[in-house]
Amino acid sequence: MADISVKESAPKWKFPFKIKIENRVDNPPRWLSPVLSLAAVVIALLIGALVIWIAGGDPWAAYTHIAKYSLGSWGVLSDTMVKAIPLMLVGLACSIAFRMKLWNIGAEGQFFLGAFGASMVVLLPVLPMEAPKWQFILVSAGFGMFFGALWGFVPGFLKARYNVNEIISTLMMNYIAIEWNNYFIYGVWSESGFQMSRMFQRNAWLPRLSDLAKRWPFFGGLTTHFGIVFAVVAALILWWVLSKSRWGYEIRLIGDNPRAAEYAGISIKKNIVLVMIVSGALAGLAGASEIMGVVHRLQGAISPGYGYTGIIIAWLAKLNPLAVILASILFGALILAGREVQPSGIPTLIQGLIMVFLIASDFFYRNRVRITRKVED
Amino acid sequence: MDIEKSTDELVVQMQSITKKFPGVVANDQVDFELRKGEVHALLGENGAGKSTLMNVLAGLYKAESGSITVHGKPANFGSPREAIEAGIGMVHQHFMLVPSQSVTENILLGLDEPRFRMRLTEYNHRVAEMADKYGLHVDPDAKVWQLSVGEQQRVEILKMLYRGADVLIMDEPTAVLAPSEIDELFNTLRSMTDQGKSIVFISHKLHEVMEISDRVTVLQKGKVTSSGLYTKDVSRADLAHLMVGREVVFRVEKKEVQVGDVVLDVKGLEALNDKGIKSLNGVSINVREGEIVGLAGVAGNGQNELAEALVGLREAIEGSVTVNDQDVTNKPVKLGIRHGISLIPADRAKVGTAPNLSVTENVIMKNYDQKPIANGWRVNKKEAGKYATGLKEAYDIIVPTIDTSVRLLSGGNLQKVILAREISSEPKFMVAVQPTRGLDVGAIEGVQKLLLSQRESGAAVLLISEELEELLSLSDRIYVIYEGEIMGEIDDGDIDKIGQMMTGTPLEQIGKEGVN
């Protein structure tokens, strides 16, 4: 409880309102959670605007520029979606883990391993050079998911078996994953000494909207690739699993009270491993789709920290898989068009601010703020 | 009563202390006095108000009324710091030590000296000297996490002595110790009193009180039943009687029920507690159809471990548990649930329910994977809702909607949610641990009726409780557990015998030590 009053000399003037903070004693209304997420974004943008203004820029112009170059035409919207696809998948990966209060911050590493797995299909090769496209789509997605899952399984198993803190282990495994990839691009699969593999042959690429341009000229030049199907299907499946299925119920129960779950006969260890596998597989799929859909070769800089951005997206979406889609598009826009404003500074700042305000907004979810008129006593 | 010693200096005098908590009077006009150089035991059951009284003395609580004098001067401590300045130090049941720091560092923690540089070697010496003086052997340089529980306790005592305490309050100091450590503790206490310290020894274990104390004050439900008796003048039986008392037992209406076959059969069960110490030692009990069997005992004597071992939440290292001739020893919890085993856990909020999930999601905890609530891989929300609505009405759970999070429910309603869930699974065998603790009278009656209805419908119920009245009024027979062992079985409600068994006398030995 906090009383805010301002003292002034005669005539005695008192701050006429009382601000009271109390614990919520009922369920917060349904609209509150999305409104708070939105508010976090808006406040972050406002502070971003302030920074731009102080730096001597025109915030309005900057933001309209961002909006125009991320959502303003079909072309840029398509590019925004390209950025959003890996974000959706890693956002989902974080969401399922966080639902069980498993802090998987290793989506970045699982993403890299997924990229590695998919590249393997072309470079090892698993499939012959001239195999049909659909085989490449399925097999590279499968390999990406498998390797991502493997990278999730290890910390999951360590936590279940030896109670190793998953925050540390997943974080550390990110570095291993990146170095693992480096080994292959510097050595094994290096193309004539460059730190990258050879370009994949075209029939291994994920189909893009522009591939349809022959029949429908409208799609000409649009870069959105088949990964969007992976992401949306994954979001729908995950939504169904989390909110409708028996397994989803177990995950939520463990997330809310592991001791109650144990008492209800639900195996926590088994679920830790399973959830980490699924989480890793989703992040791995993100890596696979990025490699096969955008980069088309294995190289070093394939992620501007997608795995970490996925954490913010999961929170912004309040761990709801369908909301992850929307949050990812927002962040996709911010990453894509933000570069037009400044390569790193402001857009990253806004991302960070969103995260801070999201965490802070939880206070308003749990507490009710009452402002009442002070009664003269 | 001899008064030769009463000329000894009074160190502490507490007069008509009253301390209330919401809904309970923890101390009701309690008098207590402590003389220089004595070990004064404060005996009573859990919740009798022993710790409360001493927390008042140590400055942790403020009493509503009453007066305290220390060394003849009126005292009213606002904080433990003030109490320790007046020479009163309390060693709590749960140690307050920093594991990663050394003994000396822990002892110096929070003091004004040393100011900036720790000068640890110098202080190590001082600590070692002090430890030697009282026989509290512990290496000043050792890190606390490396120490045994007994050694940690010594650090706590040293902490108080270092701050100049001449009155030491030991809150159930033996609860965490192994038998050999207890002997050592007693030696230390003796050497401290020899050097003029005075000790309050809080306990509910009669044999320890008999062994270590000079005098004893007995509390029962916040009131003193006997004040400052010389321990050598009383017998264990007397003390047990003073501690447990004899009340008019309120009998709930209990129908005659035909007792059937043995449902729960436990043989030689042994299990470890969370700290890895054996807390069940050869427990053999049985419960038959249509029977409520009580398990009496002071808290922490293995009751929780037993309940957990019975339902599969705790590993049995020895012995067997069978339910309806099915061996369920160390079987998965889920298998137990399928065999009709049900548990009403002691901790409603931390074990029994998931606070942020709805009433519906909480009542389906045990049958979410059974038809009709489970539909293939799916949880059928409609069926779950119907089920929850049915339970809400049948058990009169007061809640706005079945979608409300259970953390918003009152204790009584939360317990109804748990009971509704457990009873509706039609258990063959139910363990209820402290099912009425913390509930108001109306809710208590409701819970007791539900337990009786289980008995009438032919279930076997094991009721674990610290409320003797409740056990006596509900149970058909009562086992008493003490330090993980069954002391005996009573079916005539002889409260004196129960009291003696609760404090560590096996049934077959009762009456053998002679009547005082």
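A residue counts as buried if 20 or more other C-beta atoms lie within 10 Å of its own, as exposed if 12 or fewer do, and as partly exposed in between, with C-beta atoms placed from the backbone. By that rule, buried residues make up 46% of the 516 residues in chain B. What you are looking at is a predicted model, in which local features need pLDDT of at least 70 and side-chain atom pairs count only at pLDDT 80 or more, while totals for chains, interfaces and linings use all residues. Residues are numbered from 1 along each chain as its sequence is written, and chains are lettered from A and ligands numbered from 1 in the order in which they are written.

Let us stay with chain B for a moment. Its C-alpha trace spans about 70 × 60 × 45 Å along the principal axes. The radius of gyration, taken over C-alpha atoms, can be set against a globule rule of 2.2 Å times the number of residues to the power 0.38. For 516 residues a compact globule would come out near 24 Å, and chain B, at 25 Å, agrees with this. Contacts here mean pairs of residues whose C-beta atoms, placed from the backbone, lie within 7 Å. Of the contacts in chain B with a separation of 6 or more, 67% are between residues 24 or more positions apart.

Chain B holds 17 helices and 22 strands, which are DSSP runs numbered from the N terminus (H or I, at least four residues, for helices; E, at least two, for strands). After α1(B) comes G59(B), with a positive phi near 85°.

Now turn to where the two chains meet. Here 26 residues of chain B are in contact with 17 residues of chain A. On the side of chain B that touches chain A, the elements giving two or more residues are α10 (333-338), α11 (348-352) and β18 (378-379) of chain B. The residues of that side divide into 16 nonpolar, five polar and five charged; Ala, Val, Leu, Ile, Met, Phe, Trp, Tyr, Cys and Pro count as nonpolar, Asp, Glu, Lys and Arg as charged, and the others, Gly among them, as polar.

From the chain A side, have a look at R246(A), found in helix α8 (residues 246-256) of chain A. R246(A) has 17 other C-beta atoms within 10 Å and is therefore partly exposed. Leaving out residues up to four places away in sequence, R246(A) touches Y368(B), D369(B), A374(B), W377(B), R378(B) and V379(B).

Helix α4 (residues 107-123) and helix α11 (residues 306-316) of chain A pack at an angle of about 130°, with their axes 6 Å apart. The contact brings A107(A), E108(A), G109(A) and F111(A) of α4(A) to Y306(A), G307(A), Y308(A) and G310(A) of α11(A). These residues divide into four nonpolar, three polar and one charged. The axes of helix α3 (residues 74-99) of chain A and α4(A) come within 10 Å and cross at roughly 130°. In this pair V90(A), A93(A) and C94(A) of α3(A) meet A107(A), Q110(A) and F111(A) of α4(A). Axes are lines fitted to C-alpha atoms, for helices over the stretch in contact, and angles run from 0 to 180 degrees between N-to-C directions.

How values were computed: Contact = placed C-beta atoms within 7 Å.
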